[in-house]
Structures are given as C-alpha cells and as structure tokens.
Amino acid sequence: MARKPVIVVPNHMLDQFFREWLQLYPQAQILAASSEDLAGDKRRVFVARAAASDWDGIIMTRTAFERIELSEESKAAYDLAEMSRQRAELEAANERAAATGADTMSIKRMEVRLQACEEKLKAKADRVTDPEITFEQTGIDYLLVDELHEYKNLDTASNISDAAIDGSKRASDLHSKVEYLRSVHGDRVITGATATPIANSVTEMYVMQRYLRPDLLERAGIHDFDSWAATFGQVVSEMELSVAGGDNFKMKERFAKFQNVPELLKMFHTFADVKTAEDLQLPTPDLVVREDGARLPRMVAVEASAELQDYIAEIGRRSEAIQARMVDRHEDNMLKVSSDGRKAALDMRLVDPELGSIVAETKVSVTADLIARVHEEHQDDVFLDTASGEEHPTKGALQIVFCDQSTPSTEKWNVYDELKDQLVQRGIPAEKIRFMHEARNDAEKGRLFSAARSGDIAVLMGSTQKMGVGTNIQARAVHLVDLDAPWRPADIAQRHGRIIRQGNQNPEVVISQVVTKGSFDTFMWQTLERKSKFIDQIMRGRLDVREIEDVGHNTLSFAEVKAISSGNPLILEKSKADQELARLERLNRAWHRNQSSLVFRKDAAQARADALEQEIPALRAAAQRTADELGGERFRMTIDGATYDKRADAAEAWQQWAGVHATSRPPRAGEIDLGVAGRIGGHDIRVVQRPGNLADLSASPVELRIDDAPGVAVEVTRATSLNPSVGMIQRLENQVRALPEEVTKREARLASARQEVVDAREALEVPFKHQDALEAARWEVERIGRAMRGEEESQPSLDSELEALKKRMRLESPQSSTARRGGAQRGGSPVGHSPEVSRRHYEQRAQEDGLGL
C-alpha cells in the first residue's frame, strides 16, 4: 500500500492539478513543488517537508522531479546494471544478426557506444553533488506519472539502427527511480496516465512495458528490444527525412508489420487498463448534429484552384518518375512528394511564394469566413467564472485553430498571419487573435491559457505540438478548426481533446475540418481514419488477426498519389481491392492448410485413442496383480532365481546379472532385449538396451520395462544399469507401486484423445468464414477492372465522394448501386457470385468502419 505517493505533471499543469485536487478533496494534505521551489537551498527545505509530514500526496512538475536525484550509491548501482544490460543487448543483437546472415554491428560500433556510456558515468562521478539531498530521503514510495508517453525515449540498444534510442535524461531519470522503488517496495510502484500510449508506432508498447511490467518481458524470455522485435515485428527499409532537415533524405529501417498480435495484445492488456470516452461517460459537450443527422466533425470542402490542379498533375509526374527510378532518391522521393502535396493542399503559397495574392477561394479565406460567422453568433455568450461561480463580466466564446504546416514569421508569407489579417478585415479585434507561438515559457503559456479561459482571446491558433497535450482552455471553446491533417491519430485525439473536454461550459460544440477537393487532404483524412480505427482496436484488445500493419507511415503510396493527381479514385480503389483480395486469398490458403492439419491431428488422436483402448485393460489387470511386497520392511525382489529382502543385496545381485547379460556395446540403431532380470511386486522386469550415445557409450539409455504393463518403464543410463545403486531399485519399486495412478493417467489421456477427435471433426465441418467476402472481393476486382476499361458506367469522381471521405470501402449511393447491379447483370458475374452479395459485404464493412468523420 502506498503511503507517500508523488504525482508528476507537466510543468504548466501544477497549479491546475493542485487546485482541482483540493476541490475534490478539501481536507487532503497536499505538498506541491515547481522547479522554482527546488532551486538552490530550497531543495533542502522541500526534502525536509516531504520527509517530516504524512502527506496524502506530493505534486511535482517534471523539472522539479528531475532535480531531486537518487543517492550516488543508488545511481551507481542503476548505471552498472544498465551497462551490463546494454552490453548483453548489443552482444545478443550482434549474435542474432550474424546467425541470420544480416549486417552485423561492428565491434568498433559496440565499443563506441559502451565507451560513451562509460564516459557519461565518469562525468557523473566527477560532478559535485549535494549528498544531503536525495530522492530516497523524501520517503516517496509510489509514482503516478501524467503524460507517460513523453518519457518514451528510454535508452534502448538495437541492431535496427532506427529502433535504437540513445535515451533522454528525463526518461533515464524516471526509469532509475522506478527501478530503485522496485528494489525496495516490490513490483507495484508506478502508474502511468496517457491518452496516447501508442502515438507513432506499436513499438512504443515495449518502452511502456519496461516502465510498468518488465517482469512480463522476463517471463516471456524477452531480455532485449531485438528479441521483442524478432518475436513481434518485421523490418523493412524506407526513405525518411534526415535529422538535418531540409531536403536531405536517407534510408532507414523500420517496422512494417507486427506478427503474433493476439499474444502481443494479451501481454499489453495485462498491465494496460484502457478506458475510452464511452467507458468514462464524462460530462463533455456533444458535437452539433450535422445535416446527415450524425454527431461528427463537419467537413468543409474548398474548390481546388487552377494553380493547385496544375501542381497536383506535376506531383503525379514526379511520383511516376520516382516509381520508375528515373530520379535520384536524394533529389526527389515519396516523402518529399507527400510533404509538398500537403503544403499545397493547405495553400499554394507555401510551395510557391511568388504567387502573391490568390483571387480564388482558399482554405484561409473559407476558414476566415467560417470563424467570423461563429464569432458573430457567439460574441455575446455569457460564461461563468469557474472560481466564484458567478457570471463572468467578459462575454464571448473561444475558437481554436490547429495548423501544423506553417508557422508565424515576420520574414516570409505564412498561413497564421494571413488568417489573422483576414479575420481582422472581417471585424474581429486584432488583440483578440493570438498565436500559441507567443508563449516562450511555462509562465507565458499559463497567462495565455488564462486569457483564453477568461474571454480575452476570441481566436487562438497553434500547432498540435504547441497546443496539444496539457492545454486546458476548454471553458469557453465553442468551435475548433482543423486547417490541415496531421499524420498521427494521436494528434487528432490531442487536438479534439482541447474542446471535447470536461469543464467546457458549452453544451454543444463544432469541429470543422477544412478540406481542399482533389488534393492530398482527401487521402490524409482517410488514412487517419484507418490508423485511428486500428489503434482503437489495439487499445480495446479486439484484433483477431495474426499480423497487422504498423501505424507509423509518413508517406502516401504510389497508388494514392496517382489517384490524387489523376482525379480518378478507381486507381486507388483497384490497388485497395487487389490488396483486399490478396489478403482474403492468403486467409483462404491458410484455412486449407489448417484443414489438412486438422485431418492429421484427428487421425493421430484416433490412433492414440485406439492404442490406449488396448493398453488400459492390460495395465489395469497388471495393477490388480501387484503383490504386497513393496515399501518398507515388506520389500521383496527376485533376481536370477534368488529372492532378496534388502535393497542393497538386490542391487548387488542385479550388478552380477547385468555383467553376464549386457552386450559389449549398445546397438547403433534399434534396440536389444537383454531378457528378464528379476521380479518385483509380482511383475517381471525386462531390460532393453536402446541405441547408443556415440559421444559417451556409458550414457546410452537402458529401459527397465514392467513386462505385463505396456508402456511403463524406468529409464536409466547404461552405466547405472551395470553398476546399480539402491536408488535404482527404489525407482523400480516406486514405478510398480504407481501402476494404479498410471491407469488413471492413461484413462485421462484416452478421454483427451477422444475429445480431440470430436473437436477436429467439428472444426472440419466449419466452412471458411470469409468465403462470401472472398467471392465479393473477386467480383469487386473484376468490376473495377471493367470500369477502368470502359466496360461499365464510369464511377463518381473523387470530388463527388468528399462526403464519404471517412469510408474505408466505398459505399455507393442507391442510384449508383442500382446502375451497377444492372450493368453486372448484363455483363454477368465473373465468379458466379451475385453482385448483391458484394454490395451487402461492402455495406457491412462500411458500417463497421464508420460512415463519417
């Protein structure tokens, strides 16, 4: 039981966390400390207060938590343990790579890494510290860490260069303190809280588990990251942006797929207690009902300008050149294409600053109109002062704008300043439009948040990184705008969590997602939905597949770019339909292999059952014939015609018999029956020499079989049989006494074998559960192919499907479905399967995946 827990929170969250804790528990004894409270001699005061009083909880900012260090002894023990672990991880990774024929780490690289660690340890040892101020002295025995995902850069050695992590000071500090607490208080010493434990890749599960349940990894035989990767991951090489930024790119290895998914999720959910919004039912505002009746974000479509259409066509030509390897990968690649395409979708002036002012409608102008309209509707809204509960004198709601593809700048054109200028032109006061980038430290950030909550700010603009985690400005927030789409579902969750949040005084809010037609926006939002659904399934533990794609992709595929540039969604549909068909056909082949395996298992189980049915009656009869000559003083054993009542004498007599009857050497193959050596408890003991151990003939196996009890024997070595001890005689005695138990075991095995036969027969009668989906996928591939060849009525363009951006599989309108069915009936189904089956299948898939944003 924790007696003095500490809660570690983001730096700017200390006051709010302390205030809300006391609102919930007014009598609680709470000690709060920021980084300023631990500056200089103030650390001694804090440690003394923490140790002297019986606190219900201690709240510390991250920076303050890092300033209270472990003692030199504890740090040295941790560092040595980490050095040993790192050396073992690197050596194991090198051995595995050598065994598989892959590129190995050089000895120099291993030594450089280890030497760097040793230098760090030496620097720590030479540093002057205050021995009187240590983490141990506070008496803290439990950690609760908010936003645990921000500690994911924990030192990790790996032969996969992209997976290796040098480690951050913040993560190492937390891990060292967790390991210290485990050594003193046992395994249960930390709880982590985060809304996004998997933000960029499933590999983040490994780091989370090192913090929370390393014992599960040890129990599974996983002692380093590469063992985890070999168990659950598959690695590919891809082009990524280099650390230097700009247009510099390089090849990197990363995980493309994860395997053994059920086992991975089972391990994850052993320590992860996942609570979704549906589970918690917190008092958060609802989204305003859209025109289609759904409470989902609204899609605001913007027509593509002529310049954007030309640029998208150029993007398509660049993609074709990259695919054909006609351009050096450092000059142009799919990551650069994706980045340029996303910027162009936001505003063409980000890729072509010489364009100047654009006459046509843009995202910025549409967003400005939208924000100005909402401002006019809500500028007189009244809100309560959260401190007093009275009406706040300042009226007006707050609108939040997220934009990641641009930043404020006084030197070049940018979306932030352009949007602010247009909002001012539409009547919103300039002083009420603020940028998150203005806050350069925690104090300024706190003042900016306070101004947003008090009504002094009408529009707050920022990026996901600056205005995501820990931003509590929801009190007046009535409208949120996604001006662009991020790569990660975690970023969308963090964005929308700023407005759909407990403490928002608006009963309903609006989220607008501004999308440029015919641009990268379309596929960005589709990709986000796919990734989000996948992560949601991971968090809920509802995946029933063996393999999954990772969610860390940061480029669009060739097919996606081609579909965007051509404006023909059939290209992408064809690619996805082919992939779906290939997936289902792999499942079908696996099902057939499983059927063959079931037949083999059924036959093998039946053979075992038949053999057991013959053995059990003989074994039962043998058990009933057992004489009362076993155990204690009742012991009797006959060897070579003479009866002995002492086990030592029986062993000596056995040695004489073996010396006469044993062969000079064991057989190379098969077995040799040496005859019956003696009788014990009413049963003959037959000696059988098994094939020899060529490395050590004396270790060759010998079976001492109970002659009338099929399958029951004591196995010893040739050396033991030739020179027996009392122990061998006792083993024979015990085996004979255990014959009734052996009967019970054989009966249980018989029941198990019979049940296995029944289970296998039932499984063989179950058809392939994806058969309808497979036939539908075959028909869908043929349908799209015919449409692309002009044999069917052309499909809707990409622009006409903007309202269905969030469908994973296209769900056609009733009119289109009718036309398609008519065409299919005229042309006939290529696989003899009704198009209606295909329609039902894809409607069901679409309903499962969600019909809108």
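## Close-up views of a predicted model

**View 1. Glu147 sits in a loop.** Glu147 belongs to the loop that links β4 (142-146) and α6 (169-185). Is this residue buried or exposed? Glu147 is buried, because its relative accessible area is 12% and the cut-off for buried is under 20%. Take a look at the backbone here too: the phi of Glu147 is near 55°, a positive value in a residue that is not glycine. Keep in mind as you look around that this is a predicted model.

**View 2. Asp640 also has a positive phi.** Here we visit the loop between β16 (637-639) and β17 (642-644), where Asp640 is found. Its phi is about 55°, which is positive although Asp640 is not a glycine.

View 3. The loop between α14 (363-378) and β10 holds Pro393. With a relative accessible area of 73%, Pro393 is exposed. Now find Ser454 as well: Pro393 and Ser454 are 61 residues apart along the chain, and their C-alpha atoms are separated by 9.0 Å. As for strand β10 (residues 398-402), confidence in the chain is highest there, at a mean of 95.

**View 4. Helices α7 and α10 pack against each other.** Helix α7 (residues 204-212) and helix α10 (residues 261-271) have axes 10 Å apart and pack at an angle of about 40°. That angle makes α7 oblique to α10. The crossing of α7 past α10 is left-handed. Which residues of α7 meet α10? They are Met205, Met208, Gln209 and Leu212, and across from them in α10 are Leu264, Leu265, Met267, Phe268 and Phe271.

**View 5. Arg746 is buried in a helix.** Helix α25 (residues 739-765) contains Arg746. Arg746 has a relative accessible area of 3%, so this arginine is buried. What is Arg746 in contact with, leaving aside its neighbours within four places in sequence? Its partners are Leu612, Glu615, Ile616, Leu619, Pro710, Gly711 and Val712.

View 6. Over residues 238-251 the pLDDT stays under 50, and the model has 32 contacts for them beyond four places in sequence. Residues 552-559 also have a pLDDT below 50, with 25 contacts in the model beyond near neighbours in sequence. Confidence is lowest in helix α27 (residues 814-827), where the mean is 36.

**View 7. Stepping back shows the whole chain.** The chain has 28 helices and 21 strands. Of its 853 residues, 47% are buried. Among contacts between residues at least 6 apart in sequence, 71% join residues at least 24 apart. The average pLDDT of the chain is 79, and 79% of the residues score at least 70.

Note on methods: Residues are numbered from 1 along each chain as its sequence is written. This is a predicted model: local features need pLDDT of at least 70, side-chain atom pairs count only at pLDDT 80 or more; totals for chains, interfaces and linings use all residues. Side-chain values use heavy atoms; hydrogens and water are left out. pLDDT is the predictor's confidence in each residue, from 0 to 100. Helices (H or I, at least four residues) and strands (E, at least two) are DSSP runs, numbered from the N terminus. Contact means heavy atoms within 4.5 Å. Axes are lines fitted to C-alpha atoms, for helices over the stretch in contact, and angles run from 0 to 180 degrees between N-to-C directions. Angles under 35 degrees count as roughly parallel, over 145 as roughly antiparallel, 65 to 115 as roughly perpendicular and the rest as oblique. A crossing is left-handed if the near helix is turned anticlockwise from the far one by less than a right angle, and right-handed if clockwise. Buried means under 20% relative accessible area, exposed over 50%, partly exposed in between (1.4 Å probe, protein chains only).
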